[in-house]
Amino acid sequence: MQRVVIVTGANSGIGLALCERLLMEDSQLRLCLACRNMQRAEAARSALLTSHTNAQVDLLHLDVGSVQSVLTAAQEVKARYSRIDFLYLNAGIMPNPQVNVKAFFKGLFSRNVINMFATAEGLLTQQDRINSDGLQEVFATNLFGHFLLIRELEPLLCQASQTSRVIWTSSSNAQRSAFSIEDMQHRNGTEPYSSSKYASDMLSLALNRHKNKQVENRGIVARANYWAIWSEVIQPADER
């Protein structure tokens, strides 16, 4: 049976490289590039078809930073496909970092100066902003939008006849110290990207426990300088 794979943020970087690898492994799968910029998505599709002329590559307009876009895209996915075998949650944003001058001078005269220059911890800050839905932009794009997408696509992911997989792209910047459950959107912090990536790791593990009551923990698969967090989504055996 032809496998259906959806990749968010598939028009460049890790997302596009992932799509290329997937087609190398299985040229018969049905691949859907879910992207915010459709012009770039079309260019990515053309590049993939140049190397894999017989591949079936679909396009889907999806801005995971917009609730309405996620809901609209989910409806389109449910109209197109009867199942989803792999859902790769790769789209994300990182605000441009800025030097915290106050922290810089403070760090110069502290015992943490070597670590500060080695890791930039406490030295760089990121400016987040509110999106049109009233959410912090980084939180909405990197975490909430993907979570909403999963919930909307549950009918295609949770089927008795199949085992589907949800894979989150995380980061080595996912630091526990940046995340606070009392400030989940990181409104009051200066490391929204790190916070959102740590939260997505935790959400993946929570979904794994919730959706796989009969399945052992699958663990974490390391890939280069990012982490692929695997979270199988299936119906519990007693609900089949």
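How do strands E1 and E4 run, and how many bridges join them? Strand E1 (residues 4-8) and E4 are parallel, joined by 3 bridges. Before going further, a word on the source: this is a predicted model, where local features need pLDDT of at least 70, side-chain atom pairs count only at pLDDT 80 or more, and totals for chains, interfaces and linings use all residues. Residues are numbered from 1 along each chain as its sequence is written, and side-chain values use heavy atoms, with hydrogens and water left out.

Helices (H or I, at least four residues) and strands (E, at least two) are DSSP runs, numbered from the N terminus. Two strands count as paired if DSSP finds at least two bridges between them.

| Strands | Sense | Bridges | A facing pair |
|---|---|---|---|
| E4 and E7 (residues 164-169) | parallel | 4 bridges | Phe-86 and Arg-165 |
| E1 and E2 (residues 30-35) | parallel | 5 bridges | Val-4 and Arg-30 |

The chain gets from E1 to E2 by way of helix H1 (residues 13-25), and this β-α-β crossover is right-handed (with the strands pointing away from the viewer, the path from the first strand over the helix to the second runs clockwise).

Now for burial, where buried means under 20% relative accessible area with a 1.4 Å probe, protein chains only. In a regular strand the side chains alternate between the two faces of the sheet. In E1, Val-4, Ile-6 and Thr-8 point one way, Val-5 and Val-7 the other, and all are buried. Strand E4 (residues 86-89) is covered on both faces too, with Phe-86 and Tyr-88 buried on one side and Leu-87 and Leu-89 buried on the other.

What about the helices? H1 packs against helix H2 (residues 38-51) at an angle of about 30 degrees, and their axes are 11 Å apart (axes are lines fitted to C-alpha atoms over the stretch in contact, and angles run from 0 to 180 degrees between N-to-C directions). H1 and H2 are therefore roughly parallel, a label for angles under 35 degrees. In contact terms (heavy atoms within 4.5 Å), Leu-16, Cys-19, Glu-20 and Leu-23 of H1 meet Ala-44, Leu-48 and Ser-51 of H2.

Methods
Buried means under 20% relative accessible area, exposed over 50%, partly exposed in between (1.4 Å probe, protein chains only). Angles under 35 degrees count as roughly parallel, over 145 as roughly antiparallel, 65 to 115 as roughly perpendicular and the rest as oblique.
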